[in-house]
Amino acid sequence: YVSINAIEGPVDTTRTIVSLMFQGGATKFPDIKWIFSHSGGVTPFLLSRYQREEVEKDFKTALPRGVMHELRKFYYDTAQGNHPGALKALLEIIPTSNVLYGTDFPFRDGAEVIDGLAKHGFTAADRGAIDRDNALRLFPRLKV
């Protein structure tokens, strides 16, 4: 048995990202630091649907700088997105500086995320950024 939430949670994440972009919220509120769980859900896998010339033309008001500009402004955690396929797809879209550590606890544990990130072959600096530094850049008041 697999819970329907195992599918719907990440798909809902994608719905939110797409809604923010195509309804203009991401452009209208450029100073908000949007953080999405599940490594962006299925967004990286559906990217070609959003990047078609006719789509970007039809949504020029909502996306004046294009889909990729908006996607690269967002932040994404590693909950459910710490296996090789998900990490590779996400990192084709965004820089490591926009990846945040996340576990999806209690549904998945931290050991799985740590193992997945270790297997990816990130540099020590990139791991430090994902594990802590990227979040501290977003929330500087939490620095000790």
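The side chains of R52 and E54 meet in a salt bridge, with N and O 2.8 Å apart; a salt bridge here is a side-chain nitrogen of Lys or Arg within 4 Å of a carboxyl oxygen of Asp or Glu. This is a predicted model, in which local features need pLDDT of at least 70 and side-chain atom pairs count only at pLDDT 80 or more, while totals for chains, interfaces and linings use all residues. Residues are numbered from 1 along each chain as its sequence is written, and side-chain values use heavy atoms, with hydrogens and water left out.

**Salt bridges**

- By this rule the count comes to seven salt bridges.
- R52 is partly exposed at 40% relative accessibility, and E54 is partly exposed at 43% (buried means under 20% relative accessible area, exposed over 50%, partly exposed in between, with a 1.4 Å probe and protein chains only).
- E8, D12 and R15 are linked in a network of salt bridges, in which R15 pairs with E8 at 3.4 Å between the closest N and O atoms and with D12 at 2.4 Å.
- D12 and R15 are three residues apart in helix α1 (residues 5-22), so about one helical turn separates them; helices (H or I, at least four residues) and strands (E, at least two) are DSSP runs numbered from the N terminus.

**Helix α6**

- The buried residues of helix α6 (residues 84-93) are A86, L87, A89, L90 and I93.
- These residues cover an arc of only 165 degrees around the axis, which puts them on the same side of α6; the arc is that of the directions from the helix axis to the C-beta atoms.
- The face turned away from the buried side of α6 carries the exposed residues P84, K88 and E92.
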